[in-house]
Amino acid sequence: MSLLFLSVLKINRFDSNGSLTAEAMDINFDKKFVKAVSSQLEHVAGSVIHFEANNCFCQTVANEHVNAVKILASEFNLTNHTVNLSKDNAFNIPSVPAVAVINHQGLLTYLGPYSSGMFCAEGDGLVEPYLMNKNPEYSKLGATIITDAKGCYCSVS
């Protein structure tokens, strides 16, 4: 059984075709992304957007970590939203599970995978520092957009 489990679980690149990487080069990407999210969700300032897709085994693998991120977000007064993506997603998220953090000032601070590595576990978390930092100075440099990660991801682009 474990051999079957490991054969299904393989390492993929988060942004395998480079589409998010290319889009993120736009100096206005952060604002465009927040605008796209705002067109589909209300009150996005102070939010964590959890992106998922149907039939993604990696979503199941990361479920414990995703739930831990949701709890941590709530502890820092961030609202959790879940968005189910299809291949024609308006956000150009290349793979799931993915997450975006929009701070209380309405600025995108993080976009990318929850973590990297085979099991995308809590110990490998990439997003947690962005949930805990309420300092607006932190966001003046722009968002951190992780596209060059390898882990258990399902492509949606």
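Mentor: We will take the ground rules, then the disulfides, then a helix, then the backbone.

Trainee: What kind of model is this, and which pLDDT is needed for local features?

Mentor: It is a predicted model, in which local features need pLDDT of at least 70, side-chain atom pairs count only at pLDDT 80 or more, and totals for chains, interfaces and linings use all residues. Residues are numbered from 1 along each chain as its sequence is written, and side-chain values use heavy atoms, with hydrogens and water left out.

Trainee: OK, cysteines. How many disulfides does the structure hold?

Mentor: Two. A disulfide here is a pair of cysteine sulfur atoms within 2.5 Å. Cys 56 is joined to Cys 154, with an S to S distance of 2.2 Å. That pair links distant parts of the chain, 98 residues apart: Cys 56 sits in the loop between E2 and H4, and Cys 154 in strand E9 (residues 154-155).

Trainee: How are helices and strands defined?

Mentor: They are DSSP runs numbered from the N terminus, with at least four residues of H or I for a helix and at least two of E for a strand.

Trainee: And the other disulfide, which cysteines form it?

Mentor: Cys 58 and Cys 152, with their sulfur atoms 2.0 Å apart. This pair also links distant parts of the chain, with Cys 58 in helix H4 and Cys 152 in the loop between strand E8 (150-151) and E9, 94 residues apart.

Trainee: Why is the disulfide of Cys 56 and Cys 154 right-handed?

Mentor: Because the torsion about its S-S bond is about 90°. The link of Cys 58 and Cys 152 is left-handed, with -85° about the S-S bond.

Trainee: What is the pairing in sequence order?

Mentor: Numbering the bonded cysteines of the protein chain that way gives 1-4, 2-3.

Trainee: Is Cys 152 buried or exposed?

Mentor: Buried, with a relative accessible area of 1%. Buried means under 20% relative accessible area, exposed over 50%, and partly exposed in between, using a 1.4 Å probe and protein chains only. Cys 58 is buried at 6%, Cys 56 at 7%, and Cys 154 at 18%.

Trainee: Change of topic: helix H3. Which residues of H3 are buried?

Mentor: In H3 (residues 29-38), they are Phe 29, Phe 33, Val 34, Ala 36 and Val 37. They cover an arc of only 160° around the axis, so they lie on the same side of H3. The arc is that of the directions from the helix axis to the C-beta atoms.

Trainee: What is exposed on the other side of H3?

Mentor: Lys 31 and Lys 35.

Trainee: And what do the buried residues of H3 pack against?

Mentor: Helix H2 (19-24), E2, E5, strand E6 (108-113) and strand E7 (144-145). Contact means heavy atoms within 4.5 Å.

Trainee: Now the backbone. Which peptide bond is cis, with omega near 0°?

Mentor: The one from Val 96 to Pro 97. Pro 97 is in the loop between strand E4 (95-96) and strand E5 (98-102).

Trainee: I also flagged Asn 55. What is its phi?

Mentor: Near 60°, a positive value in a residue other than glycine. Asn 55 lies in the loop between strand E2 (47-52) and helix H4 (57-75), and is exposed, with a relative accessible area of 83%.

Trainee: And where is Asn 77?

Mentor: In the loop between H4 and strand E3 (79-84). Phi of Asn 77 is near 55°, also positive in a residue other than glycine. Asn 77 is exposed at 54% relative accessible area.
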